[in-house]
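Subject: Structure handover

Hello,

Here is the structure I promised to pass on. My notes follow below it.

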Amino acid sequence: MSTSKNVMTKVWIASLVGSSIEWFDYFLYGTVAGLVFNQVFFVTDDPTVGLLASYASLALAFFIRPFGGIIFGYIGDKIGRKRTLVLTLSIMGIATVLMGLLPTYQAIGIAAPIILIVLRLVQGLGIGGEWGGAVLLAVEYSPKERRGFYGAFPQMGVTIGMFLGSGALSFITSIVSPESFVAWGWRIPFILSALLVIFGLWIRKGLDETPSFKKVQESGEIPKLPFIEIFKTQWKEVIIAVSGKVVETAPFYIFSTFIVSYGTNNLGFKSSQVLISIMIATIITTILMPYMGSLSDKIGRKKVYITGTIGMILYAFPYFWLLEQRTFATLLIATVLGLGIIWAPITSVLGTMFSEIFDAKVRYTGVSLGYQIGAALAGGTAPLIATWLLVEFNNSYVPVALYIILTAVISFIAVLTVKDKNNQELDEFKGKEVKKKELQSV
């Protein structure tokens with residue numbers, strides 16, 4: 001497949017910008033949940049119970065994300081990637097702005113947390129469809145020898161969005177008092193995200209449909225029900241994708257969300273110190289991602305991914321040993337090593353690897369389901385599980401470290417079964433017999 005350099009530039013910018021905005025909106029909730037929502041929405045006499053309720057609302061959105069994958073996977077596999085991406089970005093933007101305008105529990109009572117949860121579920125639906133489309137926009141346009149490189153750009157959107165969210169909150173917490181931040185300061189980035197959404201929609205407006213989707217249309221192989229089709233023909237690949245997502249998502253939320261409350265409440269760090277360390281780590285991992293993606297074009301997605309997974313197993317306990325020193329320097333080192341370096345090779349190749357194991361006609365549904373079910377099972381629950389483990393085991397970090405190791409082992413076993421498809425055609429339409437042989441070899 002030959003695509004001009006100008007078109008590829010537009011593609012990677014569109015996939016990167018849109019993904020960054022979506023995750024900026026999504027991560028705002030995760031960070032503020034650990035700092036504010038137990039005081040303004042989930043108000044209880046016990047702060048720990050309020051924090052658990054706040055994290056539970058965070059987890060709920062992850063369980064709705066697979067439904068977003070089904071809904072928008074259907075749209076993306078039926079009418080196209082581009083239209084679906086415009087829809088998901090719009091939905092996410094509206095929900096986020098409304099969160100910033102929502103009255104508190106003190107103002108309207110129980111209606112406040114209920115409305116907040118509904119808006120969070122809407123966010124979950126939006127992000128459930130966004131990620132798969134952003135990855136396919138990059139991967140399906142790119143030349144086969146550069147898929148790993150271009151497939152890393154939507155993943156960079158995850159950390160850029162997180163960087164923007166942490167940066168916005170760090171800036172606000174540095175210029176307003178803690179009381180003002182809780183009262184109104186946290187709302188500012190939620191409301192101003194509307195400007196980013198408008199920009200993202202403008203960027204995506206000028207793109208055509210991906211070559212892969214056009215070939216599916218021309219072949220007449222568009223399935224009536226992609227969700228049913230995927231479980232008839234590629235259910236093994238869905239399981240592999242779900243399991244492969246586990247180590248990419250659970251440690252990520254430990255390093256980026258759980259650490260906010262754990263660092264401030266258990267280790268005595270200022271929230272600004274934790275947020276700054278996360279910001280620096282996200283800069284490093286964002287820089288590393290395209291290099292890791294490019295490396296996967298040379299040596300294979302599987303080797304790059306497994307290297308990161310083994311690193312995660314080895315690092316689980318040293319991460320907490322560094323945190324226990326209770327200095328900003330060791331907090332920074334711990335976060336940079338975990339989130340900035342060890343996590344980078346795992347996330348960089350995930351989108352491309354998922355894209356390559358699914359047929360084009362159900363690819364949007366397949367990558368979305370695998371990614372979002374894995375995120376629901378291991379991502380949104382990670383801060384909740386980690387907080388529960390601390391409570392159950394007298395604030396010991398050992399069970400949390402073992403939990404990180406468990407997630408890595410699950411993904412390691414799953415990805416061992418994947419066959420690298422570097423430099424192979426992404427859009428081959430295979431007969432049923434050929435497909436059956438491929439499934440048997442997985």
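Which residues make the nonpolar surface patch of about 650 Å²? The patch is made by Y74, L225, F227, I228, F231, W235 and I239. Patch residues have over 30% relative accessible area and no salt bridge, and nonpolar side chains (Val, Leu, Ile, Met, Phe, Trp, Tyr) are joined within 5 Å. A salt bridge here is a side-chain nitrogen of Lys or Arg within 4 Å of a carboxyl oxygen of Asp or Glu. Areas come from the Shrake-Rupley method with a 1.4 Å probe, and for residues only the protein chains shown count as cover.

Before the rest, the ground rules. This is a predicted model: local features need pLDDT of at least 70, side-chain atom pairs count only at pLDDT 80 or more, and totals for chains, interfaces and linings use all residues. Residues are numbered from 1 along each chain as its sequence is written, and side-chain values use heavy atoms, without hydrogens and water.

Back to the patch. Helices α11 and α12 (235-265) each supply at least two of its residues. Helix α11 gives the most, with three. Helices are DSSP runs (H or I, at least four residues), numbered from the N terminus. Y74 lies in helix α3 (residues 47-78). At 37% relative accessibility, Y74 is partly exposed (buried is under 20%, exposed over 50%, partly exposed in between; 1.4 Å probe, protein chains only).

Now the rings. The whole structure holds 23 aromatic pairs. Rings of Phe, Tyr and Trp (its six-membered ring) pair if their centres lie within 6.5 Å; planes under 30 degrees apart are stacked, over 60 edge-to-face, the rest tilted. F199 and W202 form a tilted pair, 6.1 Å centre to centre with 35° between the planes. Both lie in helix α9 (residues 187-205), three residues apart, about one turn. F199 is partly exposed at 39%; W202 is exposed at 60%.

F227 and F231 are edge-to-face, because their planes stand at 70°, with centres 5.1 Å apart. They sit four residues apart in helix α11 (residues 226-233), about one helical turn. F227 is partly exposed at 32%, and F231 is partly exposed at 36%.

Ring pairs also link F255, F258, Y262, Y315, Y319, F320 and Y397 into a cluster.

Two charges sit over rings (NZ of Lys or CZ of Arg within 6 Å of the ring centre and within 35 degrees of the ring normal). R146 lies over F149, 4.3 Å from the ring centre. K245 sits over Y371, 3.4 Å from the ring centre.

Best wishes

Technical notes:
Patches are made of residues with over 30% relative accessible area and no salt bridge: like charges are joined within 9 Å, nonpolar side chains (Val, Leu, Ile, Met, Phe, Trp, Tyr) within 5 Å.
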